[in-house]
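Here are my notes on the model you sent. Please read them with the structure open.

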Amino acid sequence: MVRLLAKPKYRDLVLGAALLCAAAALLRWPQESMEAAREGLKLCGNVIVPSLFPFFVLSSLVVELGMSRYLGRLLEPVMRPLFRVNGACACALALGFVGGYPVGARTAISLYQNGQCTKTEAERLLAFCNNSGPAFILGVVGAGVFGSSLAGLLLYLIHIAASFLVGLAFRFYRPSQRPGRAAGAWSFQATPFAPAFTRSVTGALTSTLNICAFVLFFTVVIRCLFLSGVMGAAAAGLAALLTPLGMTQPWAQRLLTGLLELSSGVSSLSQGSGLDGRLPLAAFMLGWAGLSVHCQVLAFLGDSGLSMGTYLTGKLLHGGISAGLTALVLRKLPLADTAASYLTQQVETIAALDFRQALALSALTAWGVWLVFLGLALHVVKKSSGKRRAMGV
């Protein structure tokens, strides 16, 4: 099958058939498709735009103004021995954990395109820096889906630990190529603030709109797959394949949904009893991130020349490690199921979050991270100035 699809003639035939089926699905279920698109727009307006736009602006400014270079000097002794990347890559890892998907990947690509890391370092970084933010895991997944702040905290800590383990594994990626300093990595040649700010804002808006486009697309696709019965048939096949692992059709359907789109996948886990099965599956979905997020990263990669295969391998490994660690922790530290009334209350509270609240929370967090980066940069500048004075004396 793979060999056939590798041939342009058969590949075009399959793509043409898929497009015809998609058009037929839109004609068969126009109202349902419109409703799915409205839900996607609501998700973009209330969550995606206010949560990602400030962090996209922040990540661009950190790279354009050269703060990543100053931060690199400070964190070089940590990043190089652990992950075999230079210290400037620390900003992509930090912003990825705070800003969520796909801020970390976008920052890593910007570092490479601005000459602050090598191609090998950027590919290593992409494998483990594109992570979920605390707001999504603690708020939506923990409090909203599972009705437990402890479950959210557990998932977030495991998410971080798994990311670090993936980073440690990928330090052996292309071992013959040692982490070096890209051209001009430590020479501070910052862009003036006015053009840097303008490019950061316009670029952040373009990136946010690209993400919203993918969210809308996959929201409609998933709805059509459910209505046509394709998702049910695929889930039945996957359940039959994974029967030795105890996989049933409802669980297989949730897994397939999460493989396509993260938010829809974790939302499906609100149904069911017991956390022993739901939490590891949620951990896997958070580590994998979903095909929708991967398409967003692919849009950023463009013609950069960076390997998408390295990124996908890292995300798959992240999901597997997260699920394994979660299952192991639950054996040692079992969590009790929460009351259904509490779960309903938390879901309604999150669903009622409007654009202004989400934008305020995201902007305050981005401002706090900006102050941290600024403080670290000033600390390095002050330390470097002290050394030069001492040498001069």
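The points below go from the whole chain to single residues.

1. Basis. This is a predicted model, in which local features need pLDDT of at least 70 and side-chain atom pairs count only at pLDDT 80 or more, while totals for chains, interfaces and linings use all residues. Residues are numbered from 1 along each chain as its sequence is written, and side-chain values use heavy atoms, with hydrogens and water left out.

2. Overall make-up. The protein chain has 18 helices and 0 strands; helices (H or I, at least four residues) and strands (E, at least two) are DSSP runs, numbered from the N terminus. Of its 393 residues, 46% count as buried, where buried means under 20% relative accessible area, exposed over 50%, and partly exposed in between (1.4 Å probe, protein chains only). Among contacts (heavy atoms within 4.5 Å) between residues at least 6 apart in sequence, 80% join residues at least 24 apart.

3. Salt bridges. The count comes to 2, taking a salt bridge as a side-chain nitrogen of Lys or Arg within 4 Å of a carboxyl oxygen of Asp or Glu. In one, Glu-35 and Arg-38 meet at 3.4 Å, N to O. These two residues are 3 apart in helix H3 (residues 30-64), so about one helical turn separates them. Glu-35 is partly exposed at 36%, and Arg-38 is partly exposed at 44%.

4. The other pair. Arg-223 forms a salt bridge with Glu-39, with the closest N and O atoms 2.9 Å apart. This pair links distant parts of the chain, since Arg-223 lies in helix H10 (residues 193-228) and Glu-39 in helix H3, 184 residues apart. Relative accessibility is 24% for Arg-223 and 38% for Glu-39.

5. Lys-315. Not counting residues up to four places away in sequence, Lys-315 touches several residues, including Tyr-101, Asn-130, Asn-131, Trp-288 and His-294.

6. Nonpolar patch. Val-78, Leu-82, Leu-165 and Leu-168 form a nonpolar patch on the surface, with about 290 Å² of accessible area together. Patches are made of residues with over 30% relative accessible area and no salt bridge; like charges are joined within 9 Å, and nonpolar side chains (Val, Leu, Ile, Met, Phe, Trp, Tyr) within 5 Å. Accessible areas come from the Shrake-Rupley method with a 1.4 Å probe, and for residues, only the protein chains shown count as cover. Helix H4 (67-83) and helix H9 (149-169) each supply at least two patch residues.
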